[in-house]
Structure formats: structure tokens, C-alpha cells
Amino acid sequence: MSDENLFELKAVAKRFKKGKETISIFDDLNMTIKRGDFLAIMGPSGSGKTTLLNLLGGVDQPTGGEISFDGARIDGLSEGELAKWRANNIGFIFQFYNLMPMLNAAKNVELPLLLTSLSSKQRQQRVDTALQLVGLADRAKHMPSEMSGGQLQRVAIARAVVSDPKLLLCDEPTGDLDRQTADEILEMLQLLNREFGKTIIMVTHDPAAARYASHTLHLDKGQFVDKEDDDVLQEKSA
Amino acid sequence: MSLLAQSSAVIGMNIKSLPRRLWMSLAMVLASAVVVAVLLAFLAMAKGFEATLQSAGQEDVAFFIRTGSAAELNSSVMKEQVDLLREAPGIASNENGKLVSPELYVIVDGTKKSSGTDANIPLRGMEPQGLALRHNFKLVQGRLFTPGTDELIVGEGVLRQFEGFELGNEVRFGKNRWTVVGVFSTGGNVFESELWADAKVIQTLYNRGSSYQSVRAKLTADAKLEDIQAYIKNEPRLNQEVQTEANYFAVQGEGLSYMAIFGRVISAVMALGALAGALNTMYTSVSDRAKEIATLRAIGFSNLSAFIGTMAEALVLALLGGFLGALAAFLLFDGLSTSTLSGSFTQVVFSFEMSGQLVMQGIWLALIIGFISGFFPAWRATSVPVAVAFQSRG
Amino acid sequence: MKDLYLVYKNLTRKKLRLFLTSFAIFIAFLIFAAVTALQGALNSGVEMSADNRLVVFNKINFTQPLPYAYINKVSGVDGVKNVTFANWFGGYYQEPANQVVTMAVDPDSYFEVYSELVVTPEQKANWLQNQAGVMVGERLANVNNWQIGDRIPVSSNIFSNKDGGQTWDLVVEGIFTANDPQVDTGYMVFHYKYFMETQSWGGDYVGWIVLTTDDPALNEQVAKAIDENFANSQAETDTSTEKAFNKAFIEQIGNIGLIIFGVVFMAFFTILVLVGNTMVLAIRERTGEIAVLKTLGFSSPRIFRMILTESCLLAFLGGLLGLGAAYLVVGGLSQMMARFLPNLVLGPDIVLQALGYMLLLGLITGIAPAYRALRLNIITAFARG
């Protein structure tokens, strides 16, 4: 495994039993994700996008195969070890933001830092920086109920990057936003990818969103497929 | 659609969604039930005690004790005074002469069946006329004591609560032995908590000389208490006061009224706590159904029907609890026989008495809990914006 | 703890619910503490009994007298240290309803036997010199606002004096206190000899005899010796420890302790169910948020602790307020009811007990939702959300 690979999936399988039937989502999934990549994953409902994201995010375990992150196996880690691994390495961005409704923006952003040994002052500094980065320094004290969808997603991005993880996992980050706001959010992700070197994996339905990624993978029935009409990749790589 | 039809549609919908909030609803029923049960237990106890004492007193019996002694136990009446009182105006007679009963009692120890500890029982000495003065007196077993002997008869309450007073038994108080020759009933009142024997025998055995403690006298139909009071006042050798027997026992019966007060206070305070819980339930119920309520209103149901629906739910749950509580209290406490120390320092055997009137008090309490816990959430139900129906996201 | 802010925000996110729930807990602990204090007041006679003190009563019943001659005979029994005796006076002050516990006692030995009572030598000397003197317990003196030197008319609802009246004029010669606040000082004592000489019935009997033994281990032996001594006499005796006698007397009142316990238990149980339900509900509403916290890397045990902390905070919030209110209520009641219910205090034992129950309440109501959160699977939680 070369150093430039952040993620490496070998013969990953995910099956579960439903009644007497065994349903297989992946049988033999292989992929590598390079450091600094901005990868979009597209696919119809039921194609396994979400399961793949769960596996990559360490919230789900494969039933077979190997998943290595930064040269170390993460499949087979205990639940507690995985929690620690997620806290150290992953920033999550969700479709519906998933902010804590009773916490203001700054306190929401601070959440992942509670898992570190930083002092309260250091945490405060990091939060300020993160909020500045997403352009919401002046909204630090606002409650989620007082903010628009775009603002909420920017708070969520600040929360995802505040602990400086290597990887950002985005699950339909613009699914709940209008076009213009969505573009703003995507530009921000692009910035994080290009200027700050964050590896980003984004699951999306939206071809327009996928255009911001450096390349796109199509998932269908648990397999990556080549899509001829996929001009995004061509355009980007061109 | 009429308000009635609308409301019943909302109520129906609420009831159908109840299983979703099963535990929450059960909690409200339980809260209401416990509060009602506690209230009724205390009231039934106080009521039973009061009834036991009050039913013993008669309006047409004059009761004499020494002025200031407050209770029979502390009083004393000399033989000469008894003879003077016999001549008071307005006292009825029967074939055996004036219906006057001088009485005295000593307190003796009996062993309570419930705890195995000793408790005070009055051993009352009286003359045959004394029996004629007790309404409802009935020998249920054996025979009367023979005057001049150490025989006694035992009240049903004593028999029930204390060990060793069965017919034919010999009982021992200190050095003195007595034989139980009869069991009597007085219709459940306080006299059933007593032992009765011949007054002269008790005077002799317990060094009372010829003194008594109280005098009862049957009044003629036209007798006036004032005349007797005047008679006592004009007779310097008398230091007694007179009242009707009913009045005496009414005052004595207040002894456990603190129990009723205590019970009311405790259950009122508990009701507040239960109310808080019930309000939580109903607020949850309303927020749980916010979308349904808003949808109904969006399609034209009135605010009032949403209000009535929520209100009905609260009242039904609280009432259900109230009935369960009353039932539990009835099964657990009604007729429960117990005894306690009365104002005159002796044990009074009494039964918890659950009346329909008490149950109504419990139901009222449940209704109040239901009303308050329904009102505010129902108010909120009507103010859920209709738009919620269209934007709410699971 | 860094998570405390998060816990606090969770706790206070629904103000109305927080208010209602902590109010319910408030009520539970108010009832608990007040009722336990009440029960303690009823039982304080038992608690405060001296280990080596015995009481001798007439076997027929404690209201029956004993011959005066018994005192000397009791003194002669092996193992008996001090002996004193008392007579019930049935006292009241001004009105029959205003009862004042009054006893005619032997002035020389009374305070020796009741060694927990504190009286200055000067006051005691004055009392011994004045036949009509009375020693008043501190609490009784406070209730009636009596001072040393006051002449107080005390009436009896049992006895008459030789002038035909029922009132004795007594002079307050001293006010005794006790070495423990739980000891009852709500009564007064005056000279037995003076009482017997002035009351109209005369006689040479005493109400009961109180004695101390050299060692509590001798109690049984002494009691047996006394009762055997008087067996088959005109007045047989029943000797028991003061503790046993007080306990039996409380039991005469009936199952009040049981009833009170029942009420407290029911109140407590109801509140437990209500709070537990609310907690379960509150946490269920947060299923999605807990899944997010877990995704962010908060470990399951940490979330488990956070929820338990929250439920305990809730229990202590309502509980401490309830305890505080009970303190005020009991304080007020003990002023009002000083006459009937001595020793109504909210002692440290009740506070400790209440604190224990608060912790218990917090843990019990929190454990189910905390466990649910502990086991919460992120994927299924999100799928449902």
C-alpha cells in the first residue's frame, strides 16, 4: 500500500439476514482513495451509497474483507476504538445538519473538541477560527432555530473541521438547500479540499454537486460502474 | 359538521393513538389513582373512628362527669352525688325505677392480636340499669354477668382485636381473675371496645370505695338540659356538669380528626405532584399529535373540537385513575378493623368506613386533576399553527 | 467535567417540562422529609430512652397506682442504682384544652435518675426549699413564656385540692434543659409530698417507679427480681425498660407508622414512575442527537454517564428544593405544635436519608434511558430518524 492512499478497501462484503434470506449489499468491493482527493459517490437509492459511507466513517462494520485507513486496519476495531478513531480522523457533514438544538453555533462547533485534551481557552480559539473560516464569526451565539439552512450547514462544516481531521465525510450535504446556497456550500468544500488539503468523500444525488468533486464514482447494486454519459469526470480531469 | 361530530372524531383519533403513548398515559392513570387512594384511606379511617364514637352517644341520655375533667377517665362522682343526681328533673323511669346508671372503669391491659403488645382496655363497672341505657345492646353469646361475682362480658371489638377473651376463658388483670360469661354487641360503636362487669365488684377490687366516675340518665321526652343544669347549680354538694351523651362522644370523636386533616393535606400536596406529572403527559400527548391536530384544523375542524378532544383525553385518564384508586382503597381499607388510643386513654376498636360520599370526594379530586392537566395542553393544541401539518418532518 | 455544559443544556432545553418534573420531585421529597420528621417526633421517646433505666408499673395497667412502700423495696433489689417515682397530675393551664404535662415527683432523686436533664445547682437548691416550687422544662417554659419566679396557676382534671378547688398555685423555681435537643423538655415537675398533702383524696401511693441499674446488662435480672418480689401481692408489678415501655405506648396509637410509611412509599413510587417516564421520553426524543454524538466520536459509556448525570441532577434539583421546603415547614410546624408534638426536628439523619434517595431516584430513572442510549445503534437510529 502506497503512502498516497488514505483508504484502501479489499474484497469488502456487507451482508445481513432478513428473515431467512441473506441480503447482500456488497460482495466484493475494492477501492482506494488517495490523500487529498475530493471524491463524489453517486448512485440510485438502494445502490449501497449510505452503507459505503457508514463503512468508511467507521460507524458500521463489514462482514468480510479489509478496510485500511492511513495504513492501519479499522475493520474489527471495537465500538469504543472506532469512536476514538472517528473523533481523531473524521469530520461528518449530514444532509439535515444534525446540530444540537439546545446549543448555540459556537457550542455546536466545540462538540468534537470535548473529545480532545484541549483546554477551554484553546477550544475557544479553534472554534473562533472554524467559524471565521465558514464566515459565521458574527453568528457564534445564535441558536440553530435562528439560522437558515445554508448557515446551519456552514456551522456543521465548521464542526466537521474544527478538530482538524484528515477526512470529511459528507452525506448529501446540499440535499436540503436551494441551488445558490448549495453552490456556496460546495465551493466551501472545494476550498477545504484545495487550500487545506482535506480529503473529502461526498455522497450525492445531485450531478451539479458532483461537478465540484475532482472525480465521481457511480455505485449500482453494490458495484462501481463506468458511466458513459458521465461528463463530470471528463470535464474535471480535462 | 357539528361540533359534537367534530369533537367525537377528535376524541376517537386521540383514543386510537393512545397505545403510542401507553406508558405515559398509564403514568397519568397511576398518579391519579394513588392520590385518590391515599385521600380515601385517610378519610375512611377518620370517618370510621368518628362513626364508632358518635353512634354511641344518644340525644336523650344525660351524661354527668365532674366539672373540668373533660373525660370519664379523670372524673369522679361520689355515691351521695349519684343519689342526688337521681332526683334531678326530667329523668325517665322503667319498671326497675329511675333509668340512671352510675359507672366507673379501670383500664386494664390486653394483648393486641396485630402486634402482640399490650394495650389499654376499659373494664367498665355498671349496674343492670346501665344495659337498659345502651341502645342496640345485644348479647350475641353466653349470658350477662351476675352482680356480685367476678364475671364479665366482652365487647365484640375486644374479642376481634385482643387475645384471650373468648367465651368461657379466665382472664387475669394483676392479681384478679375474671371469667368471660358473655359477648355483646352494641351495633359497632365504641362500647364494643369495652369489658363490662358489676360496678360494686370493681369498686371493691380496685379500691374505689363507693365512688363512680360518670352517671348516665335517660331523659323524659319533655326534659330540658337547662333544668338539670339549674338543679346542679342549686345543689352545693354537686360538682358535676351535664351534657347529652351524644355531645360528649361528638367531642371525643374529634380525636382522630387530625388524621382526616393530615390525609387531606398529604393528598392535596401529592395531588400537586401528580398534577405536574399529568401535565407532562398531556403536553407530550399534544406535541405527539401536533401534526394530526393541525391537519384536522387545516381541513376545517374547529379549534374548539381540538380543545375538547384533548380535554376529554385528560379527563378520561384522570377519571380512570380515580376509579381505580377508589376501588383499590375500597378493597384494601373498607371494613378494615383496627384500634387506636382514644382521648380517654383507652383503645377504641373501629373499622375503616368507605361511603359513597367519600368516593365522590375522591372522584372530584380526580376530575380536578384531569381538568387542570387537560386545560393548558388543550389550549396549546388549539394554538398549534396549521402550517405545522405541512412542514413537520419526522 | 467538560460534558457538564452539554448535560445542563439537555436538562434545561424544555423549561416547562423541567419545571413540572422537578416540581413533582420537589413534592415527593417535601412529603418524605416532613413525614419522616413527624414519625421521628413520635418515636423520639423510644430513641432517647436511657439504656439502664427501668420503669415499674402496676401490672393491671400503667394508670393504676402502686403502694408507696414499694419504693424502699425496689431500692433494696440488687443491681439498682437510683430510684425515683412520679405521679400523673393531669394538669392544664387556664383552659382544659391547654394541657400541660405535669408530674408530682420526688425532688431529691428525680434529676439523679433522669441524668440527661440539666439543672443548675442553685436553681435546684431553691426548688428543694420551696414546697410549692416547680421545675419547668425549657420547651414548656418557652411555649408559655414562663420565667423563673413566675407564679403559675396549674389545674388538674383529676384531682381536687383540700380547699375544694382544682387549681394549685406553683412558683417557677428553675428551668431545666437537656444535653440533647431530641430529649423532651415539654413538661414540669413539682413536689410529690406537697401534692399528696394538698390533694383531697390523700393516700400513700405513687403512680410509677423509675430506677436505673448499675449496668444495662443487669436490666433483665433486676426487672425479674422486682416483679417476683411483688408477685401475688395486692398490687403486682410489671417492670420493663423505659425503651420497651415507650415503644409499647407508641404502638397503642396503632399502625400509624405503617400508614405513614405506606403513604410516603406510594407518593415516592408514583413520582418515580412519573419522572422515569418523562426521562425515557425525553431521551427517546433525542435518539437522533445521541446518534450524532456517537458518530462524532463520543463513546457509548460517556453518553451513558451524561444521561445518568442528567437524571441525577434533576433528582437533586427537585429533591434539594423539597428538602429545603420541608425544613421550613417542619420549622413552622414545630413552633405551632410544640405542645402536642415535641421534638419535631429535621435532623441530619433525615437529610442523609433524603440525599441517598435522591441519588437512588436519579439512578433508577436514568438507568433505562441511559442503557438505551448506550446500546443505541447509529445506523438504525439514523434510518429511523
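**View 1. Contact between chains C and B in the predicted model.** Chain C brings 42 residues to this contact, and chain B brings 41 residues.

**View 2. Contact between chains C and A.** Here 16 residues of chain C meet 18 residues of chain A. Helix H1 (4–11), helix H11 (287–296) and helix H14 (378–384) of chain C each supply at least two residues of the side that touches chain A. H11(C) gives the most to this side, with 5 residues. The side of chain C that touches chain A divides into 5 nonpolar, 5 polar and 6 charged residues.

**View 3. Hairpin of S1(A) and S2(A).** Strand S1 (residues 5–18) and strand S2 (residues 21–34) of chain A pair in the antiparallel sense. The pairing runs over 10 bridges. A:Lys18 stands opposite A:Glu21 in S2(A). The hairpin has 2 residues between the strands. A:Gly19 takes a positive phi near 65° in this hairpin.

**View 4. Two domains of chain B.** Domain 1 of chain B is made of two segments, 3–54 + 255–391, and domain 2 covers 68–238. Their C-alpha centres lie 48 Å apart. In the contact between them, 11 residues of domain 1 of chain B meet 17 residues of domain 2 of chain B. On the domain 1 side, helix H2 (22–54), strand S13 (337–341) and strand S14 (347–351) of chain B are the elements that give two or more residues. The largest share of that side, 3 residues, comes from S14(B). The domain 1 side divides into 4 nonpolar and 7 polar residues, with no charged ones.

**View 5. B:Asn136, a residue other than glycine with positive phi.** Phi of B:Asn136 is near 70°. B:Asn136 sits in the loop between helix H4 (128–132) and strand S6 (138–142) of chain B. There are 15 other C-beta atoms within 10 Å, so B:Asn136 counts as partly exposed.

**View 6. C:Asn232, a positive phi in chain C.** C:Asn232 is not a glycine, yet its phi is about 65°. The loop that holds C:Asn232 lies between helix H8 (219–229) and strand S13 (237–241) of chain C. C:Asn232 is exposed because 7 other C-beta atoms lie within 10 Å, and the cut-off for exposed is 12 or fewer.

Technical notes:
Residues are numbered from 1 along each chain as its sequence is written. Chains are lettered from A and ligands numbered from 1 in the order in which they are written. This is a predicted model: local features need pLDDT of at least 70, side-chain atom pairs count only at pLDDT 80 or more; totals for chains, interfaces and linings use all residues. Two strands pair if DSSP finds at least two bridges between them. Helices (H or I, at least four residues) and strands (E, at least two) are DSSP runs, numbered from the N terminus. Two residues are in contact if their C-beta atoms, placed from the backbone, lie within 7 Å. Ala, Val, Leu, Ile, Met, Phe, Trp, Tyr, Cys and Pro count as nonpolar, Asp, Glu, Lys and Arg as charged, and the others, Gly among them, as polar. A residue is buried if 20 or more other C-beta atoms lie within 10 Å of its own, exposed if 12 or fewer, and partly exposed in between; C-beta atoms are placed from the backbone. Domain bounds come from an automatic or database domain assignment.
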